[in-house]
Every structure is written in structure tokens, then in C-alpha cells.
Amino acid sequence: MSAECVAVVAHDAGGAEILSSVVRRERAANLRQHVFALKGPARQIFAAKLGVPENLPLDEALAMSSSMLCGTGWQSTLETDAIALARAQGKRSVAFLDHWVNYRERFIRRGEWILPDEIWVGDAIARDLASQAFPGLPVTNVGNAYFDDIRQWFTKQRPPGALQGLSVLFVGEAIREHAMRAHGDPLRWGYTQQQALAYLLDHIGTLGAPVAQIVVRPHPAEDPSNYDEVIKKYPLTVHRSQGHDLFDDIATSDWVVGCNTMAMVVGLIAGRQVLCCIPPGGQPCMLPQPQIIHLQSLAAAIAA
């Protein structure tokens, strides 16, 4: 195997989207060879972009490679296990931070720090945040290949507008599950994703135009039925996404609504109106993009 072989390790969807776009570029340019250790949502994401790659156990992938590139996430210890194993084998490890929040907790497992040799990020804001969180650790802004793919895809799409009214896409997050796993408290951040959806539906009139449909898209880490009880309580045209690709759901929407999810940033790149629907009492949105509108502000303006 060539000295330029990289083991690509991913589980969670956010990191997998970026890493799969990075690998696709590197393959097109014949820059490196790759072997893969993928689990969870990452397997389907890589298959959609690259075909179904040969998927190896982590130890085999590391043994065949000279370095390791991984995502970061909370659903699995796969990435931190990969960092630890790469260090034990004397191989360079790089972790790509795919978001702008919870940087430090991504590298704590069983009460111990498990840090890579280098961190990659996709923009200047993330670089500054990561440098503050991990002083002394190399942090490199390599750009975001996934965002580049998004921009290219949406330039080919027609804008929404077929419906007689607004189409609203609610993009879910496993907020309650993450809080339970990390802290043993489903209300650690002051709200759940179900409460956020209810808050949106309670204040849907603040969007300033009639709403034709509301599509609820659960996160890949969620049970698809997570929102069913909330949806039943509201006499609105609300339904779950029918398994479409995220890009397709956003392309047919006027508004993209969520709490802290990367899908909201995708909505901004696509030129959609993006709304944060964290309810009162919840920890404020941590996404740094100033274009994001906040439902609490809209509700307060109408109430004034």
C-alpha cells in the first residue's frame, strides 16, 4: 500500500458529509489512496457520494495506512478510538471539526482527553474557536469541501414557489438524546427538540405570510417518530419528510428552521431564510452566522 494511504474514520453524519466530499476531491485529483472504517450514518453518506467503499474494521484500516483522518461526534467512540489507536501505532491523526459548538467535549471519552495531532476546520470562525479551545494544538483551515458541493448543487436548482404559500422545513436534532448521553439530563440545555418544534408551530404566524406546508425532517441520529406526538396536536399541514435527500428538502422550502444544526447553515448557503426556534429558557443558539433569524425576536416584536 502506498505511503500516501489515509485511513478515513467516521460515524456521525456531520463529519461524514465533509470527509466524503474531501475524499471525492482527493480521488479525482489522484492525491491519495484511502481505506475506510465507517459506522452508523457515515456508511450511507459515503456510499451515496463514492459508491459503496470497502469497509474495514478500525484496526485493519489503521494497519494499512500511514495516517488517519476522522470526524468528531457524540454518537460513538469510533473516532476517539481511532485517534488513540493511531497514537499507539505512531501514526499521524487529524480530526475534522464539522461544527462550531461543543469542541472540547468531542474529545473526552471516559473522563480522559484523547486529542489528535492536528485539527482541521472549514472556515476562519471555526479556526479561531478551535485555537481557543485547544491552545498549542495545530489548527488548520482547509476549507469546507461539503459546502462547496452544496453551492454547486443549488446553483443548478430552481427556487421554490410552486405552493400557494410558504413551505417550511423543520430540521431536527437529537438534542434530548445528546443531553441524556453526555449529562444524564434530557433538559440539560433547557429544552428538547420536541419543545422547539412546538414553539415553532405555536408561532408559525410570525413568518409574515400564509404557510402551505411544514415538513419535519428528523436528524439521522433520531428515532423518526420523535415528533409524531407534537405533530398530532397541531391542526396545521404538518408531515414528516418522505425520506428525501436533505438538499431536496431544502430546495423545495422557503424557510429552514432548527436550533443548532448544520442543516441550518446549508439552508443559508442555499439562499433560504433560516430561523432558530429555540424556545424561551433554552441555551441560546451557538451557530455564529449572523444571517440566522431568531423566532424569539419575531415573537417579541409581534407581542410588543
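Predicted model: local features only at pLDDT ≥ 70, side-chain atom pairs only at ≥ 80, totals over all residues.
Residues are numbered from 1 along each chain as its sequence is written, and side-chain values use heavy atoms, with hydrogens and water left out.

**View 1**
Let's start with α2, which spans residues 41–50; helices (H or I, at least four residues) and strands (E, at least two) are DSSP runs, numbered from the N terminus. Its buried residues are Pro41, Ala42, Ile45, Phe46, Lys49 and Leu50. Here buried means under 20% relative accessible area, exposed over 50%, and partly exposed in between, with a 1.4 Å probe and protein chains only. Looking down the axis of α2, those buried residues fall within an arc of 130°, so they line one face of the helix; the arc is taken from the directions from the helix axis to the C-beta atoms. Gln44 and Ala48 are exposed on the face turned away from that buried side. The cover over the buried residues includes β1 (5–10), α1 (13–28), β2 (33–38) and α6 (145–154). Just after the helix comes Gly51, with a positive phi of about 80°.

**View 1. The sheet that holds β4 and β7.**
Six strands line up as β2-β1-β3-β4-β7-β8 in an open sheet with parallel pairing; two strands pair if DSSP finds at least two bridges between them. At the edges are β2 and β8 (139–141), each pairing on one side only. From one strand to the next, the twist averages 25°. β4 and β7 (residues 118–121) are parallel partners joined by 3 bridges. Helix α5 (residues 124–133) lies across β7 and β8 and runs at about 175° to β8; such angles run from 0 to 180 degrees between N-to-C directions, with axes fitted as lines to C-alpha atoms, for helices over the stretch in contact.

**View 2. Zooming in on Ala95.**
Ala95 sits in strand β4 (residues 92–96) and is buried, with a relative accessible area of 0%. Its bridge partner in β7 is Ile119. Setting aside neighbours within four places in sequence, Ala95 is in contact (heavy atoms within 4.5 Å) with residues including Cys70, Phe107 and Trp120.

Leu200 touches Phe170, Val257, Leu275, Cys277 and Leu295, not counting residues up to four places away in sequence. Over in β14, Ile293 stands opposite Leu275.

**View 3. Two loop residues with positive phi.**
Neither residue here is a glycine: Asn102 has a positive phi of about 55°, and Arg110 has one near 55°. Asn102 is in the loop between β4 and β5 (108–109) and is partly exposed, at 25% relative accessibility. Arg110 lies in the loop between β5 and β6 (112–113); at 69% relative accessibility, Arg110 counts as exposed.
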